[in-house]
Amino acid sequence: MPFETQSARDLLRSFPEPALVIDHQGGILFANVAGERLLQPQGIEPGTSITAFLPEDERSRLRPLDWLKRWAESPDAPELRHVHLYCAAASGSTIPVRVRVGRLNLDPPCYMVMLQDVSEEQARQHETRQAQRLASRQLAISADAILNVDERLKITYANAATHTLFGYPAGSLVGKPLALLLPERFRADHDKYVHAFAAETSPARLMGERAEITGRHADGTELPLEASIAKITTDRGQVFTAHLRDLRERKAQEANLRRALSSLSTIFEHALQAMALINPDGTVEQMNAAARQLLPSGFNPQGQAFVALPFWSDDAQATRTNLTEALDSSMQGTPVRQAVGITMPEGTHRTLDFSLTPVLADGAVVAVVAEARDLLEDV
Amino acid sequence: MPTIIYVEHNGTEHAVSVAPGQNLMQAAVEHAIPGIEGDCGGLCACGTCHVYLPDDLAALVDAPDELEQGMLEFAFDVNDTSRLSCQLIADDAMDGKRVLMPKRQY
Ligand code: FES
């Protein structure tokens, strides 16, 4: 049959998208092949109400015929782009469909309803949205400050930790220049740094790969920070994303530790008793001033075997065996205390009250502290 | 800024500070609260930002207009306390109030 004489009905019948013609009461007058395939492949009995193909569900208030009529009159209604009807498909499942409606000028009027299965589109959209939610939750709970900056170095995103770290009210940093978060004296250099990074081929610079940076808190104080940055090319140009870690606590801990260590080493060095710190391999790590006086001048004890130091008495063999045993047992974790004889550089003998105390860390002996006190001077 | 507590259908609560003037759908989407979709971006044209308002919050807002009532037809599990959250504008009086979310938006 030539195209001109093909009836409208036949054309519609072979139209690839599901299409129905309904009367003004919602009775189906005609369904094309694709429509029957979607709803009822055995064929739809003329006059069946379209409501028969709506799933029995929680949307009991929906009056589909009213909406179809309304959409026929206003094909640009915004909800047409966003709402889905659900139909009980032949497959037994419920399928979301996008709907288009046209009015056929008959008396009484009829409506042509086009259906488009959007289940795949909807599933994809759900997946994307779930992934987005997960990602944004991760950003929200991150202890690190995470922010994005555009090519003009304007902040386009900042997570909650960024606002807390820099002391700004939640959400207020978006749209602000990155310079706000930097001390004045670093701003120019930082701009150069970012532009250099934009030009280079590496996609990211990670914490540890670059020196510490300094940020500026809203109250004007400076913040020591560790930073990773990455660049992402988007349709709207380059985006830089930075992860910033607050180093204040680590710095304070380091300073405390340094203070504690320097007090301890002063106490050690200037103690009146002779003291030595012995490594697990039996060599001397350190000796204090009082202990060094027992050695010939110029003798450097560090790294020497403790039991072979020159001051042990002349009946050396016995003393050494005894000392070796004592050191071994202290290395096993048992403190030792005994009297030991030594010979001073100028040849006098002394007897010392001598102790070995194991130093434990996480249950293991990491060093032994030797201490000696003069008992009496032998002449 | 008022804090609104969004309660998921399973009872999980999300406290969010919402700028006065912002609608409750926008704030939920910005904070990635599961349970509110907001497909139309707040045009009152999708019905996927459906919530239930407890009495104390309902007393603070105007009754739904005709457009919103119409779009509520497309929401699931609708009852007398149902509203579309994109039509509810936050203000300071709402501080600490709870909004309940339905089991599904699709
Ligand atoms: S967001 Fe679409 S109706 Fe509220």
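## Basis of the description

Helices (H or I, at least four residues) and strands (E, at least two) are DSSP runs numbered from the N terminus, and A:Arg320, for instance, is found in helix 10 (residues 316-331) of chain A. This is a predicted model, in which local features need pLDDT of at least 70 and side-chain atom pairs count only at pLDDT 80 or more, while totals for chains, interfaces and linings use all residues. Residues are numbered from 1 along each chain as its sequence is written, chains are lettered from A and ligands numbered from 1 in the order in which they are written, and side-chain values use heavy atoms, with hydrogens and water left out.

## Domains of chain A

Chain A is divided into domain 1 (3-122), domain 2 (142-250) and domain 3 (270-377), with bounds that come from an automatic or database domain assignment. Taken over C-alpha atoms, the centres of domain 1 of chain A and domain 3 of chain A are separated by 97 Å.

## Interface of chain A and chain B

Contact, meaning heavy atoms within 4.5 Å, links 23 residues of chain A with 24 residues of chain B. The area buried between chain A and chain B, that is, the accessible area (1.4 Å probe) that two parts lose on being put together, summed over both, is about 2100 Å², and carbon and sulfur atoms give 53% of this area.

Across the interface of chain A and chain B there are 10 residue pairs in polar contact, both residues being at pLDDT 80 or more; a polar contact is a pair of N or O atoms within 3.5 Å, where within protein one must be able to donate a hydrogen and the other to accept it, and residues adjacent in sequence count only if both atoms are side-chain atoms. On the side of chain A that touches chain B, the elements giving two or more residues are helix 3 (64-73), helix 4 (79-82), strand 3 (85-88) and helix 5 (119-141) of chain A, and helix 5 of chain A gives the most, with 7 residues. By class, this side of chain A has 8 nonpolar, 6 polar and 9 charged residues, where Ala, Val, Leu, Ile, Met, Phe, Trp, Tyr, Cys and Pro count as nonpolar, Asp, Glu, Lys and Arg as charged, and the others, Gly among them, as polar.

## Salt bridges

Side chains of opposite charge can pair when their charged atoms come close. With a salt bridge taken as a side-chain nitrogen of Lys or Arg within 4 Å of a carboxyl oxygen of Asp or Glu, the structure holds 23 salt bridges over all chains, and the rule finds 4 salt bridges across the interface of chain A and chain B. One of the pairs is A:Arg129 with B:Asp39, whose closest N and O atoms are 2.8 Å apart.

Within chain A, the side chains of A:Arg292 and A:Glu269 meet in a salt bridge of 2.7 Å, N to O. A:Arg292 lies in helix 9 (residues 289-292) of chain A and A:Glu269 in helix 8 (residues 248-270) of chain A, so this pair ties together parts that are 23 residues apart in sequence. Salt bridges that share partners also join A:Arg129, A:Arg133, B:Glu37 and B:Asp39 into one network. A further pair, A:Arg245 and A:Asp144, meets in a salt bridge of 2.9 Å, N to O; A:Arg245 lies in strand 11 (residues 237-246) of chain A and A:Asp144 in the loop between helix 5 and strand 6 (145-149) of chain A, so the parts tied together are 101 residues apart in sequence.

A:Arg98 is found in strand 4 of chain A and is buried, with a relative accessible area of 16%, where buried means under 20% relative accessible area, exposed over 50% and partly exposed in between (1.4 Å probe, protein chains only). A:Glu121 forms a salt bridge with A:Arg98, the closest N and O atoms being 2.6 Å apart. A:Glu121 lies in helix 5 of chain A and A:Arg98 in strand 4 of chain A, so the pair ties together parts that are 23 residues apart in sequence. A:Glu121 is partly exposed, with a relative accessible area of 33%. Leaving aside residues up to four places away in sequence, A:Arg98 also touches residues including A:Leu80, A:His84, A:Met114 and A:Val118.

A:Pro109 lies in the loop between strand 4 (94-104) and strand 5 (110-117) of chain A and counts as buried at 19% relative accessibility. Not counting residues up to four places away in sequence, A:Pro109 touches A:Asp23, A:His24, A:Arg103 and A:Leu104.

A:Arg320 is partly exposed, with a relative accessible area of 29%, and touches A:Val307, A:Ala308 and A:Leu309, again not counting residues up to four places away in sequence. From C-alpha to C-alpha, A:Arg320 and A:Leu277 are 18 Å apart in space and 43 residues apart in sequence.
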